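Work through these exercises with the model in view. Try each task before you read its solution.

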Amino acid sequence: MTTSTQPESTTTANLAMHIPLVVSPQAWEAARQQLLVKEKANTRARDALAAERRRMPWMAVEKAYTFEGPAGTASLPDLFDGRRQLIVYRAFFEPGVFGWPDHACRGCSMVADQVAHVAHLNARDTTLVFISRAPQADIARLKARMGWEAIPWFTVTDSFDADFGVDEWHGTNVFFRDGDRIYRTYFLNNRGDEQMGGTWNYLDITPLGRQELWEDSPEGYPQTPTYKWWNWHDNYEAEKAAPDRKWVEVTDAGEAAFRALETARKT
């Protein structure tokens, strides 16, 4: 017989799990509908917060920065890759970080594991990049091992991370390019990074947002009909000029059915 060396107070074997009430399907649905009211209120509040975020003041980036990428030296404008919006996540993969040289920081690795296909962001004029202080050879090796090949990853060579609040802790900065001018538009860190990875959450922290007609955005901001721009990640180029007519019909019918159901529930 073996005895655990773990203190009894920290083991799960002796803990009794107190589950909630077990109810009928009808009672379960009633409880779900009651909670759904609060969840919808939370969704509307999140949308309102994103609308306020799109109206935040911008800060001009006056300093030039240099990075190393797979193709060599790159500037901050280069990181945009021809698009107007740039999201930069400062990951910790470098000497001195737990896991080096085999792995990046465990938290940063979880963020990278959750990143959705970047083609959807690119379709909304947005580029996502990761940066760290690891050499490119180490980054290429890590990306291949972890399946992160789709995430552009650059090496910081100057004070960029310190200048934008992420020299000692992870964080996400958002920038906007207007011609030759670059502006810092938003920043989040700590638990704010927990929600990142999905296309919608990334777009919600950009100055242009999701760019759909339902959004509350400043006058003149680009907006297109909801659902119509959605595509398979390998098919955006094929429909760059206009969405497929059949997809427009499908989404129109789906939205009409949804609206009718919502109206019926209210009455």
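Two strands pair if DSSP finds at least two bridges between them. Helices (H or I, at least four residues) and strands (E, at least two) are DSSP runs, numbered from the N terminus. The model is predicted: local features need pLDDT of at least 70, side-chain atom pairs count only at pLDDT 80 or more, and totals for chains, interfaces and linings use all residues. Residues are numbered from 1 along each chain as its sequence is written, and side-chain values use heavy atoms, with hydrogens and water left out.

**Exercise 1. The whole chain**

Task: Find how many helices and strands the protein chain has, and what the C-alpha trace spans.

Solution: 
- Start with the elements. The protein chain has eight helices and eight strands.
- Next, take the extent. The C-alpha trace spans about 70 × 60 × 35 Å along its principal axes.
- Then look at burial (buried is under 20% relative accessible area, exposed over 50%, partly exposed in between; 1.4 Å probe, protein chains only). Of the 267 residues, 37% are buried.
- Last, turn to contacts (heavy atoms within 4.5 Å). Among contacts with a separation of 6 or more, 62% are between residues 24 or more positions apart.

**Exercise 2. Strand E5 and its neighbours**

Solution: 
- Take E4 (residues 85-90). Six bridges join E4 to E5, and the two run parallel.
- Take E6 (residues 153-156). Three bridges join E6 to E5, again in parallel. Phe 130 stands opposite Trp 153 in E6, and Ile 131 stands opposite Phe 154 in E6.
- Follow the chain from E5 to E6. E5, helix H5 (residues 136-146) and E6 make a right-handed β-α-β unit. Right-handed means that, with the strands pointing away from the viewer, the path from the first strand over the helix to the second runs clockwise.

Task: Are the residues of E5 buried or exposed?

Solution: 
- Count along residues 126-132. Seven of the seven residues in E5 are buried.
- Apply it. Thr 126, Leu 128, Phe 130 and Ser 132 point one way. Thr 127, Val 129 and Ile 131 point the other way.

**Exercise 3. Pockets and cavities**

Task: What are the volumes of the largest pocket and the largest cavity?

Solution: 
- On a 1 Å grid over the protein atoms alone, a cavity is a set of points where a 1.4 Å probe fits but cannot get out, and a pocket is an open set with protein on both sides within 12 Å along at least five of seven lines; lining residues have an atom within 4 Å of a point. Grid points are joined across faces, edges and corners, and a volume is the space filled by probe spheres set on the points.
- Begin with the pocket. The largest pocket has a volume of about 610 Å³. Of its 21 lining residues, the closest to its centre are Lys 40, Thr 43, Phe 258, Arg 259 and Glu 262. H1 gives the largest share of this lining, eight residues.
- Go to the cavities. Two have 30 Å³ or more. The largest has a volume of about 50 Å³, and its lining includes Arg 53, Met 56, Trp 58 and Tyr 186.
- Finish with the second largest cavity, at about 30 Å³. Helix H1 (residues 25-53) gives the most to its lining, with three residues.
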